[in-house]
Amino acid sequence: MSIVSKDEPALVPQEFAVRRRWLFPSALIHELDADARGSDRRPRRTARDWAVDVVCFLLAALFGAMAAQSLRHETGLPHSVAVLDVTLGVLACAAVWLRRRWPVGFAVAMVVAGFLSDTAGGASMVALFTLAVHRPFRYVAWIGGADLALIPLFYWLRPDPGLPYLADVTFTVLLTVSVIGWGMFVRSKRQLMLSLRDRARRAETEALLRAERAQRLAREAIAREMHDVLAHRLTLLSVHAGALEFRPDAPREEIARAAGVIRESAHEALQDLREIIGVLRAGEADDAAGGRPQPTLAALDALVTESREAGMKVNLDQRVADPAAVPASVGRTAYRIAQETLTNARKHAPGAEVTVQVCGAPGAGLTITVRNPAPASDVPPVPGSGQGLIGLTERATLAGGRLEHGPTADGGFEVRGWLPWGGG
């Protein structure tokens, strides 16, 4: 278990569709592709589309051939009507290849052709299935309803000599309703996949917004800390300058010492001012931290002691000779990195020994590394979105450094930060 919980990657249907394009209908891929959706270009058939179109054509031709054989058994059917029936059936089977381009027009034409020609019945079923797949229910209701209404009239005018009238009507109505229902089921599955795509995109957008908000909050927190430190330095500068103003006859040594303090305070205040530029400071006051001194690297020992008293196993490897010599802004950032990672280790890897290592020197920078091995047993997931590391990364970046984090080879987790430490 790592220090910070990591969100599982969301299922993105369009990525799978791109990798297995031939398995998906072209219309679905067209909807999943954001660039293609905005164009008027008709999607090209995939291998699956060709296979389905061939099967639909063969089914329409098979039903048409069976109907053509039954024409010879119809009594009183004129030869011209039989020729017209077969001709319309052949044209209807050929029109099956146009079903994807004009599903509504094809379905309307097949309703008329199916009423005039028994051999066009298979193509009429294919048309209703295509309409139910590619168009909303209102089209299916009107066109499918018209086709169902014409079935009793068709068998009244041209009864099947081999079956009773009621059996013919019942079988054809059930077949038509089944074909329409099958098409609507296929459409619902496609709509479900599109809704999953939309949900994945919304989740991605929300994650980006949360990350931006975490960065903004981190900037605001850093700005508040910098403001407090800057105000403290300016106050000291004002006090020493006021002492010189009211004690112009002070000994030369005191004046030199006060001037040195003023120079040093002004230098540090300018450094803090450079850091605070560009960082937005929140308008509301921070009641939790207001008025309290900000921790630096010298307070790291107290933080580790506090964690140990809370039951954690913490090993501190402090390799900085004089923590008090580290610049306040750098030490403060390092302290926050250690504080956040220790908190996450306590939540996500309880019982594991955490190692905190701090090393560096003026000119080389300050490096802080916090790592923990995998916990001895499975740990229940802890609610959290990993915003802590986002804030730490933003804090380190604003300080001119960098922060890296990720799992280790033994299943643990490591956070490694580097902060600039100018030469003395």
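Two strands count as paired if DSSP finds at least two bridges between them. With that in hand, I'll go through this structure, which is a predicted model.

I'll start with the strands. E1 and E2 run parallel to one another, joined over six bridges.

On to E2 and E3. Their pairing is antiparallel, over seven bridges. The two strands form a hairpin with three residues between them, and in the turn Gly 363 has a positive phi of about 95°. Ala 361 stands opposite Gly 365 in E3.

Now the packing. The largest nonpolar core has 30 residues, and those touching the most other members are Leu 297, Val 356, Val 358 and Leu 366. Elements that each supply at least two of its residues include strands E1, E2, E3 and E5 and helices H11, H12 and H13. H12 gives the largest share of this core, seven residues. Apart from it there is another core, of 21 residues, with Ala 92, Val 96, Leu 131 and Val 140 among them.

Back to Leu 366. Setting aside neighbours within four places in sequence, its contacts include Leu 297, Val 330, Ala 334, Val 358, Trp 418 and Trp 421.

Last, Leu 84, in helix H5, residues 79-95.

Technical notes: Residues are numbered from 1 along each chain as its sequence is written. This is a predicted model: local features need pLDDT of at least 70, side-chain atom pairs count only at pLDDT 80 or more; totals for chains, interfaces and linings use all residues. Side-chain values use heavy atoms; hydrogens and water are left out. A nonpolar core is a set of buried Ala, Val, Leu, Ile, Met, Phe, Trp, Tyr and Cys residues joined through side-chain atoms within 4.5 Å. Buried means under 20% relative accessible area, exposed over 50%, partly exposed in between (1.4 Å probe, protein chains only). Helices (H or I, at least four residues) and strands (E, at least two) are DSSP runs, numbered from the N terminus. Contact means heavy atoms within 4.5 Å.
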